[in-house]
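Visitor: I would like to learn how to read a model like this one. Please take me through it feature by feature.

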Amino acid sequence: MSFVKEKNRITYVQNGEMLAEITFPALENDENTVNIDHTFVNDVLRGQGVAGTLMEQTVEVLRADGRKAVATCSYAKKWFEKHPEAKDVLR
């Protein structure tokens, strides 16, 4: 599975159809902090750990860029609760 990483978004597209996405736009008043605000996984990929992989890759991107995050997406909030090793990226 090959994900496309952009500055504030990671997607998985297959045959021209977006099947998974996570978005983390920068906060208006702080370019070094993003809001993980949306996680989407198409039904055909549910239960395969794709949302978790999106979160792991987001954490990697944020660490590499030296950015911090707040999470308003309900999935992201729950994911961070289950993964204390990634809480260093939270503001």
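Visitor: Why does a radius of gyration of 13 Å agree with a compact globule?

Guide: This is a predicted model, where local features need pLDDT of at least 70, side-chain atom pairs count only at pLDDT 80 or more, and totals for chains, interfaces and linings use all residues. Residues are numbered from 1 along each chain as its sequence is written, and side-chain values use heavy atoms, with hydrogens and water left out. The radius is taken over C-alpha atoms, and the globule rule is 2.2 Å times the number of residues to the power 0.38. The chain has 91 residues, so a compact globule would come near 12 Å, and the 13 Å of the chain agrees. The C-alpha atoms fill a box of roughly 35 × 25 × 20 Å along the principal axes.

Visitor: Which elements does the chain contain, from the N terminus on?

Guide: Helices (H or I, at least four residues) and strands (E, at least two) are DSSP runs, numbered from the N terminus. Here the order is β-β-β-β-β-β-α-β-α, that is, two helices and seven strands.

Visitor: What share of the residues is buried?

Guide: Buried means under 20% relative accessible area (1.4 Å probe, protein chains only). Of the 91 residues, 42% count as buried.

Notes. Buried means under 20% relative accessible area, exposed over 50%, partly exposed in between (1.4 Å probe, protein chains only).
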